[in-house]
Amino acid sequence: MLFKNSYYQLEKPSKGIYKSKGSKFIAYAFIVKNEQEVNQNLINIKKIENSARHHCFAYILNPDKSATKVSDDGEPSNTAGKPILGQINSNDLTNILIIVVRYFGGIKLGISGLIKAYKSASNDAINNNKIIIKNIVEEYNISFDFEETNFVMKICKKFKVKIINNTYKDFCEVKYHVKKDDADLTRSELLRNHKIKVKFIKTIQ
């Protein structure tokens, strides 16, 4: 998948609901960054909604959406997890888990009815939230002599980098975060001064 320097994510956890022929579908949307967080949220919801017949879900992880999984949890194949995932994809979201629990009302909904129910509950949870843009950030370390401080600070201010740690002595070090969009140019500007060393540390979602 084409890697981008920003991505869409929910602002906070949220909840949605859909009812049909006595059955109730409750959707829970969470911000998740790894499978451990996915599993913990599943455990929590199964405790909260322990009398529900089904706990279906879908999730997408990482800015490049490289990890995806769906579960129908006993519903007919592709009637639950896939419709949930469809709503996540239609909103271009990542780092998201949606769990939809079903309380059976005694009347079968059929394949189309189930797909509509899981889709609608998921959509309601997303609509009850706010979608925000998250920028991918890179972390760097700059090493330089004290007399180069003004030059370094000028570049940092120009590209609105966030300084997260610094040591100003005869020999100085500054650790900073910068949007991935601006990372290469910021580094190039700093390295115009040959007395400065810039080291990439890591990428931050």
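**Close-up views of a predicted model**

View 1. Helices (H or I, at least four residues) and strands (E, at least two) are DSSP runs, numbered from the N terminus. This is a predicted model, in which local features need pLDDT of at least 70 and side-chain atom pairs count only at pLDDT 80 or more, whereas totals for chains, interfaces and linings use all residues. Residues are numbered from 1 along each chain as its sequence is written, and side-chain values use heavy atoms, with hydrogens and water left out.

**View 2. Helix H1 has a buried side and a face turned away from it.** Val38, Asn41, Leu42 and Ile45 are buried in H1 (buried means under 20% relative accessible area, exposed over 50%, and partly exposed in between, with a 1.4 Å probe and protein chains only). They cover an arc of only 105 degrees around the axis, which puts them on the same side of H1; the arc is that of the directions from the helix axis to the C-beta atoms. The face turned away from this buried side carries the exposed residues Gln36 and Lys47. Strand S3 (23–31), strand S4 (54–61) and strand S6 (96–103) are what the buried residues of H1 pack against, where contact means heavy atoms within 4.5 Å.

**View 3. Asparagine 41 is found in helix H1.** Asparagine 41 counts as buried because its relative accessibility is 14%. When residues up to four places away in sequence are not counted, asparagine 41 touches Phe30, Val32, Leu97 and Ile99.

**View 4. Four strands form an open sheet in the order S9-S10-S8-S11.** The pairing in this sheet is antiparallel, and two strands pair if DSSP finds at least two bridges between them. Strand S9 (162–167) and strand S11 (197–204) are the edge strands, each pairing on one side only, and the twist averages 20 degrees from one strand to the next. S9 and strand S10 (residues 171–179) run antiparallel and are joined by five bridges, with asparagine 165 standing opposite lysine 175 in S10.

**View 5. Helix H4 (residues 149–158) packs on the sheet.** H4 touches strand S8 (137–145), S9 and S10, and its direction makes about 165 degrees with that of S8; axes are lines fitted to C-alpha atoms, for helices over the stretch in contact, and angles run from 0 to 180 degrees between N-to-C directions. Helix H5 (residues 180–190) lies across S8, S10 and S11, and runs at about 150 degrees to S10.
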